[in-house]
Amino acid sequence: MNTRMKQLLDDVMPKVVEMRRDIHRHPELSGEEERTASRVADALSSLGVEFRDGVGGNGVVGLIRGARGAGRVCALRADMDALPMPEQTGLPFSSENDGVMHACGHDAHTAMLLGAAMVLARMKDDFAGSVKLVFQPAEEANPTGGAPAMIGAGALEDPHVDAMVGLHVWPSLATGEIGIRPGAMMGASDRVFVTIRGRSSHGSEPDRGVDAIATAGQVLSAFQTIVSRNVSPLDAAVLSIGTIRGGCRYNVIADEVVMEGTVRTLSPKVQDMMPERILQVAQGIAGSFGATAEVRYVKGYPPLLNDPAVTATVRGALLEGGGARVLDVEHPAMGGEDFSFFARVVPSAFLWLGCRPADADPATFAPVHNNCFAPDEACFPYGVEALVRSALAIVNDETGR
Ligand code: NI
C-alpha cells in the first residue's frame, strides 16, 4: 500500500499547490468564505465525493465511504478564513483582495485537505468505515469561532464521528517536521474588560475625588499575583492587559479607567478560576480606594486537548509513514485554535506541520499573523500524507475507541 499511496500523493501535489495559490489570491474574512467554500464544493463534486454545503454558515462537509463496508468514522478538518491585514509577501499569487490576507495558512490547510480527499477517494477500496472532510469557516472569529455552528448543524453526525484530526502550519518547526503531544496542545483564549470608576475633582484637590488612575495602577499590579500566587506553579496561565485608557485632562482626577486584556490557560480548571479571581482582585482593591470595579469576562475558545489514544494512533501512523520527522513537542502553545470545540466533543488529535524552509533563519522567518507569512510549499506533501495516514489508521483501528 505504501508504494501506491506514495504514487497517489505525488500525483495530487501539483493540484494542491494550484488550489492553495488560487485560495491565497482570493482570501475571504471570517464568515465571508463564499468563494472558497464554492471552490471546495466544486473540487469535491469533481471527485464524485458526496457533500453538504452551508453547514453552520459557509461550512462544507464531504464524506468518503470506504468500499469495505460500515465501520469507524474519522473526520479531518481544515479552516478556510483569512485575516484583515494587508499582504506584504511579494508572492506572485499575492492577495487580490485589498487589506485581506491568508496570514495564518488556512489557504494551505484547505488545499491540503482537498489533496487528502483526492488520495482517499482513490483508496476507498482499501478501507472500511468513512472519512468525513470538514471545511470550516470563521476560525479567526474569536470568541464565537466557526466550529460550534458546524457542530450545531450536525457536522459530526450522520454518520457519527468517532475521532477527528486537524493540523496547522507551524513556522517554528522546519519543513519535514510534525509536532504532536497528548493533552494540552493550544491554549484557551479569553478576553477581559475591567472598568474602574472613581470620582473626578481638580488635580490640585485629589482628596475631593476618587482617583480611578491611581486605583487602576494598584489593580494592575495586583493582577500580576493571580498567575504567580493563585495558579499552581505546575499549571500554565497568562493574564496580559493590553490596553488601558482613562482620564481627560492633565489637571483633572480621572473618574474612569478601562483596561482590556487577554487570558490564556491550558486547562478547563484554571480557565474557570480566572474570571472569579480577576473580579475579586479588581473589586477588592477598587473598594479599598473608594472606587468601584466592573469586570466583563468573555470566554473564547476552550483549551485544545489532544486525546491520548487518538494521539497515539496518529503518532504511530506518522512514524509508520516514515516520511516526516515526528517530534514529541514538550510544551503546548498558548495561542487559541477553535478546533478545540471539536476536540471537546470528539476524541481528537491536532498536529503542527513544520513549514519553515530548511535555509530560513528561525529567528527571522515570518510567524503566523505577520504580513510576510509565507509557509514553505514543500511542507504540503507531509501535511497531505499526515492527514491520509491518520484517517486510515483511525478507520482501521481495531482497538476500538
Ligand atoms: Ni490559524
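This note goes through a predicted model, from the whole chain down to single residues.

1. Overall form. Along the principal axes, the C-alpha atoms fill a box of roughly 80 × 45 × 40 Å.

2. Secondary structure and contacts. The chain holds nine helices and 14 strands.

3. Surface and burial. Of the 401 residues, 53% count as buried. The accessible surface comes to about 16800 Å², and carbon and sulfur atoms make up 51% of that area.

4. Charge. There are 35 positive and 49 negative side chains in the chain. The centres of these two sets lie 3 Å apart.

5. The nickel ion. Which protein atoms are the donors of the nickel ion? They are SG of Cys104, NE2 of His106 and NE2 of His168, at 2.1 to 2.3 Å from the ion. The spacing of these donor residues in sequence is C-x1-H-x61-H.

6. Are Cys104 and His106 buried or exposed? Cysteine 104 has a relative accessible area of 8%, so it counts as buried, the cut-off being under 20%. Histidine 106 is also buried, because its relative accessibility is 0%.

7. Histidine 369. This residue sits in the loop between strand E14 (348–356) and helix H9 (380–395). Its relative accessibility is 38%, so histidine 369 counts as partly exposed. Leaving aside neighbours within four places in sequence, it is in contact with Leu83, Met85, Ala103, Cys104 and Glu140. One of these, Cys104, is also a donor of the nickel ion. From histidine 369 to alanine 309 the C-alpha distance is 32 Å, and the two are 60 residues apart in sequence.

8. Threonine 265. This residue belongs to strand E10, which covers residues 256–265. Threonine 265 is buried because its relative accessible area is 0%. What does threonine 265 touch, leaving aside its neighbours within four places in sequence? Its contacts are Gly187, Ala188, Ala236, Ala237, Val270, Gln271, Met274, Pro303 and Met334.

9. Two residues side by side. Threonine 265 lies in a strand, whereas histidine 369 lies in a loop. Threonine 265 is buried, and histidine 369 is partly exposed.

Terms used: Residues numbered from 1 in each chain as written. Predicted model: local features only at pLDDT ≥ 70, side-chain atom pairs only at ≥ 80, totals over all residues. Heavy atoms only, no water. Donors = N, O, S within 2.8 Å, 3.2 Å for Na, K, Ca; no water. Buried < 20%, exposed > 50% of the residue type's maximum accessible area, 1.4 Å probe, protein only. Helix = DSSP H or I, 4+ residues; strand = E, 2+ residues; numbered from the N terminus. Areas by Shrake-Rupley, 256 points an atom, 1.4 Å probe, with all protein chains shown as cover. Lys, Arg positive; Asp, Glu negative; His and termini not counted. Charge placed at Lys NZ, Arg CZ, Asp CG, Glu CD. Contact = heavy atoms within 4.5 Å.
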